[in-house]
Amino acid sequence: ETDTKGHGAGFIGGMHVRPREGVDIGLRYEYYLPLLMKKKTVHFSAPPPVEKTGQFDIFKDGKESPDGMKYTSSDSTGQPVLKVTYPQTLAFGISGLLLKNLRIAVSGAAVFRPLLDLDGIEKNYTIGYSAGGSLEWSILPQFRISAGYVYNNTGVRPEARTPADPLLNSYSVGGGFGVKVNDRLDISVGVYNTFFTSVTQYTGTQTNISGLSDPIVHYMKQKYYESEFSVGIGFTVQIF
């Protein structure tokens, strides 16, 4: 059990271009200032062979174990600050009319995790990306429905996944509808389900025991999996 506190700030900028009627192009760029979280370990308990792997150092705040006992892993008591700065992101989207009342859209994004300063953890990542598409059908001038799909690759190297942040790859499917109430107000409702790719990893550590010629090897099996279902509603208001 580890408490973390901190705050951060960032910039999100976008641009919309309509080269001709019925075709829209969007660009988005995100940049975030360094985000430092102060840690406080409330309780920590792990079998010695597991702790010695160092995978749980992220939960240690740099002090002795909260119960007054020394950590089994004497070479590391963690760090008092956890760097969790959000990565820069560059995204784009293009949409156009297939038919008078049927619109198709495709989009993609690149997430630049290797450019972060995370005390070396950034080496565990390659550039992440996502790509997807959708169809929107305007049944009536005031009412439309849509369906979409997106694939997300987090860019984490398989051996670098941790219990704190497994960063599983995923794909999402969803649908929604929109209502144009009047010339100034538009309401959208959407739902989606995300399916994560489960991953099973094995970690091995060696323990040398006096009297034995060969070390004892301990293996830890970890399975990461997630599930997510979301509902959202949005209001677009034209002021001028």
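A salt bridge here is a side-chain nitrogen of Lys or Arg within 4 Å of a carboxyl oxygen of Asp or Glu. The structure, a predicted model, holds nine salt bridges.

**View 1. A nonpolar patch lies on the surface.** Met15, Val17, Leu27, Phe92, Ile94 and Val106 form the patch. Together they have about 500 Å² of accessible area. Strands β2 (10-20) and β6 (88-99) each supply at least two of the patch residues. Val106 lies in strand β7 (residues 102-112). Val106 has a relative accessible area of 42%, so this residue is partly exposed.

**View 2. Asp57 pairs with Lys60 in a salt bridge.** The closest N and O atoms are 3.2 Å apart. Asp57 is buried, at 18% relative accessible area. Lys60 also counts as buried, with a relative accessibility of 0%.

**View 3. Arg144 forms a salt bridge with Asp186.** The N to O distance is 2.8 Å. This pair links distant parts of the chain, 42 residues apart. Arg144 sits in strand β9 (residues 143-153), and Asp186 in strand β11 (residues 185-196). Arg144 is buried at 18% relative accessibility. Asp186 is buried too, with a relative accessible area of 15%.

**View 4. Glu136 also forms a salt bridge with Arg144.** Here the closest N and O atoms lie 3.4 Å apart. Glu136 is partly exposed, at 26% relative accessibility.

**View 5. Salt bridges link three residues in a network.** The members are Arg18, Asp24 and Arg103.

Notes. Residues numbered from 1 in each chain as written. Predicted model: local features only at pLDDT ≥ 70, side-chain atom pairs only at ≥ 80, totals over all residues. Heavy atoms only, no water. Patch = residues over 30% accessible without salt bridge, like charges linked within 9 Å, V, L, I, M, F, W, Y side chains within 5 Å. Areas by Shrake-Rupley, 256 points an atom, 1.4 Å probe, with all protein chains shown as cover. Helix = DSSP H or I, 4+ residues; strand = E, 2+ residues; numbered from the N terminus. Buried < 20%, exposed > 50% of the residue type's maximum accessible area, 1.4 Å probe, protein only.
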